[in-house]
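Open the model in your viewer and keep the selection tool at hand. The tour goes to the ligand, then to the aromatic rings.

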Amino acid sequence: MNIRSFSLEQWEEVVTLWRRAGIQLSRSDTPAGIQKKLERDPQLFLIAETEEGRIIGAVMGSYDGRRGWINHLAVDPDCQGQDLGTRLLQELEQRLAGLGCDKINLLIEPENGVVQAFYEKQGFNRDELIFMEKWITPAQTSAKGV
Ligand SMILES: CC(C)(COP(=O)(O)OP(=O)(O)OC[C@H]1O[C@@H](n2cnc3c(N)ncnc32)[C@H](O)[C@@H]1OP(=O)(O)O)[C@@H](O)C(=O)NCCC(=O)NCCS
């Protein structure tokens, strides 16, 4: 298994993986939306692939100059429990540290609370905050999504 930076030609395969893993997608995850993300910090969007080149894991990290953020971490359901999620997060953490990032944040959908145990094993602590959001462009599709 190799971990490398994502490239836009892999969009369809990664979206299929995210869907299979139950990740909630939004209008920011279209090719145009992902292209905008790649213009900022392409090295923080990682994929894990088999020796044959099949994508079996992905995580979209970002750095806003103050905090690192983790989005859409997913491992193919057939490959879960084999340390892939841990390895993707470790690689992302190293890359964020290399950019001077001190702290990483992430959000978990309330119906996916079980995954908290996974993040705790990676050293994350839970904090009680109220999440608020506002879309500032007109919606063409569902407005759901972090
Ligand atoms: C969460 C996810 C990325 C973890 O990836 P993974 O490759 O299966 O995890 P690992 O094999 O690296 O697991 C590391 C440890 O976390 C535990 N763990 C993994 N997924 C877990 C889960 N959903 N709930 C509780 N514990 C979990 C493992 O049992 C393992 O524990 P151990 O070290 O004691 O054996 C993967 O299960 C997944 O894609 N889930 C669906 C999508 C999702 O919920 N993403 C997170 C969005 S916030």
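A polar contact is a pair of N or O atoms within 3.5 Å; within protein, one must be able to donate a hydrogen and the other to accept it, and residues adjacent in sequence count only if both atoms are side-chain atoms. This is a predicted model, in which local features need pLDDT of at least 70 and side-chain atom pairs count only at pLDDT 80 or more, while totals for chains, interfaces and linings use all residues. Residues are numbered from 1 along each chain as its sequence is written, and side-chain values use heavy atoms, with hydrogens and water left out.

Select Lys121 and the ligand: a polar side-chain atom of Lys121 lies 3.1 Å from a ligand oxygen atom.

Move on to Trp18 and Phe45. Rings of Phe, Tyr and Trp (its six-membered ring) pair if their centres lie within 6.5 Å; planes under 30 degrees apart count as stacked, over 60 as edge-to-face and the rest as tilted. By this rule there are 4 aromatic pairs. Trp18 and Phe45 are stacked, at 5.8 Å centre to centre and 15 degrees between the planes.

Last, select Phe118 and Tyr119. Their ring centres are 5.1 Å apart and their planes at 70 degrees, so the pair is edge-to-face.
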